[in-house]
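Hi,

Here is the structure I promised to pass on.

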Amino acid sequence: MAIFDFPILLISGLLLLLLFIGGYIANHFNVPDVIIFLLIGITLGLFIHGTPLIEFAAEVGIVLMFFMLGMEFPIRQLKTMAIRIYKPGLLDLGLSFFVTVGLLLLMHQPLPTALLLGGIVYATSSSITVKLLEKNKRMTTKDSNFLLGLLIFEDIVSPILVAIIASMYLSNAISIGNLSIVLLKIIALLIGAILLGHFVFKRLNQFIEKYISEDFFILFIVSIGLSYAGLALYLGLSEVFGAFLAGIMLAETQKPSALQQTVRNLRDLLMPVFFINFGMTIQLTNGIPMWETLCVLIVWSIFAKLIVGYVGGKQYGLRPQPAIRAGFSFTQRGEFSIIIAAFASAQIKTFSGIFILISAIIGVALFQYAPQIAKKLTKQKTIKNKTTPLP
């Protein structure tokens with residue numbers, strides 16, 4: 001009897017129970033639950049493929065995460081962040097994408113493959129990073145705003161990279177017209193969010209205060225997040241970008257904490273499904289292709305983010321310790337890398353899946369130890385400066 005012959009309610013209940021057991025094990029052994037969920041997904045992927053139910057639940061989970069994240073950033077604060085983040089963002093793009101493409105061309109990879117793998121290496125996993133920031137209670141640290149700003153920068157640039165890569169694979173040429181259309185869509189969606197936030201949601205404080213305690217109010221909040229995320233998807237952009245903009249709109253109500261609490265439980269229910277679904281896309285049955293290239297990309301991908309964290313962090317205004325901590329905190333790749341890898345051939349898709357998995361595991365481990373590493377490195381530097389004799 002195939003698994004799909006069972007009632008959908010039974011499958012859903014067993015999946016949630018499996019996630020609970022994974023979360024319990026992670027909590028008991030003090031291991032990040034993200035890693036456990038990924039490994040569960042990879043194991044399930046050996047036996048079954050993703051179902052529409054799992055894929056939909058995963059998509060809603062990631063949308064709600066970015067929806068809540070957007071509520072942390074009113075438009076005025078986002079404008080200030082944009083001014084401070086563009087230099088580190090361009091540094092990140094240059095090192096993680098363009099230098100990666102150059103390295104792959106030197107290793108005699110075709111240009112389309114180099115561009116595709118460059119896109120996979122570029123995009124940090126926003127979902128894993130935000131989850132880890134929340135789990136480790138680091139959302140209020142100085143380097144967290146820097147990291148979130150970089151993630152937002154990447155979420156804006158990544159759809160453009162997807163358009164470039166799609167153009168290369170579908171027509172063997174980059175279409176300037178397609179890139180211009182994507183950019184116009186991003187600008188239109190952003191302007192729409194700013195206008196709606198300022199002229200509509202900023203005036204809904206009394207409405208929210210009156211109905212926020214009612215059971216049906218969650219329908220209103222979630223509908224906004226899903227609708228704007230769906231609009232972004234309809235326009236050919238990322239749904240997480242649209243969800244983030246929806247959160248920005250609601251941040252203008254000056255009631256973001258209460259609104260976040262309204263959808264928090266639903267997000268916590270569905271986010272683990274995203275990691276399960278992510279793990280199920282990684283197929284390890286075909287061996288490891290191009291392992292030399294894989295090793296080079298893993299080392300460079302980590303080193304590039306360390307440079308961005310330290311140099312970009314200081315450009316942002318961070319002191320050395322939080323800048324180093326930031327560099328060790330966002331080396332993991334994830335959802336955008338999976339989206340870009342979908343254009344690849346079977347061999348490159350397997351290669352990409354292995355890279356993403358290794359990157360996620362190493363990235364989560366580095367994130368956990370980032371505060372200790374940063375403290376130790378800055379302490380050693382201070383001791384060295386004190387013991388160096390003056391000329």
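**Pocket and aromatic contacts**

Four helices each supply at least two residues of the lining of the largest pocket: helix 4 (75-106), helix 7 (142-171), helix 8 (176-199) and helix 11 (239-251). Please keep in mind that this is a predicted model. Helix 4 gives the most to that lining, with seven residues. The volume of the largest pocket comes to about 500 Å³. It is lined by 23 residues, and Leu78, Ala82, Ile152, Ile156 and Leu190 are the closest to its centre. By class, the lining has 21 nonpolar residues, one polar and one charged.

Now to the rings. The whole structure holds ten aromatic pairs. One of them joins Phe97 and Phe98 edge-to-face, at 5.0 Å centre to centre and with 75 degrees between the planes. Phe97 counts as buried because its relative accessibility is 4%, whereas Phe98, with a relative accessible area of 52%, is exposed.

Another pair, Phe146 with Tyr316, is tilted: the centres are 5.3 Å apart and the planes make an angle of 45 degrees. This pair links distant parts of the chain, as Phe146 lies in helix 7 and Tyr316 in helix 13 (residues 291-316), 170 residues apart. Both Phe146 and Tyr316 are buried. Tyr316 also has Arg84 over its face, 3.9 Å from the ring centre.

Finally, ring pairs link Phe207, Tyr211, Phe216, Phe217 and Phe220 into a cluster.

Technical notes. Residues numbered from 1 in each chain as written. Predicted model: local features only at pLDDT ≥ 70, side-chain atom pairs only at ≥ 80, totals over all residues. Heavy atoms only, no water. 1 Å grid on protein atoms, 1.4 Å probe; cavity = no way out; pocket = protein on both sides within 12 Å on 5 of 7 lines; lining within 4 Å. Points joined across faces, edges and corners; volume = space filled by probe spheres on them. Nonpolar A, V, L, I, M, F, W, Y, C, P; charged D, E, K, R; others polar. Phe/Tyr/Trp six-rings, centres within 6.5 Å; stacked < 30°, edge-to-face > 60°. Buried < 20%, exposed > 50% of the residue type's maximum accessible area, 1.4 Å probe, protein only. Lys NZ or Arg CZ within 6 Å of the ring centre and 35° of its normal.
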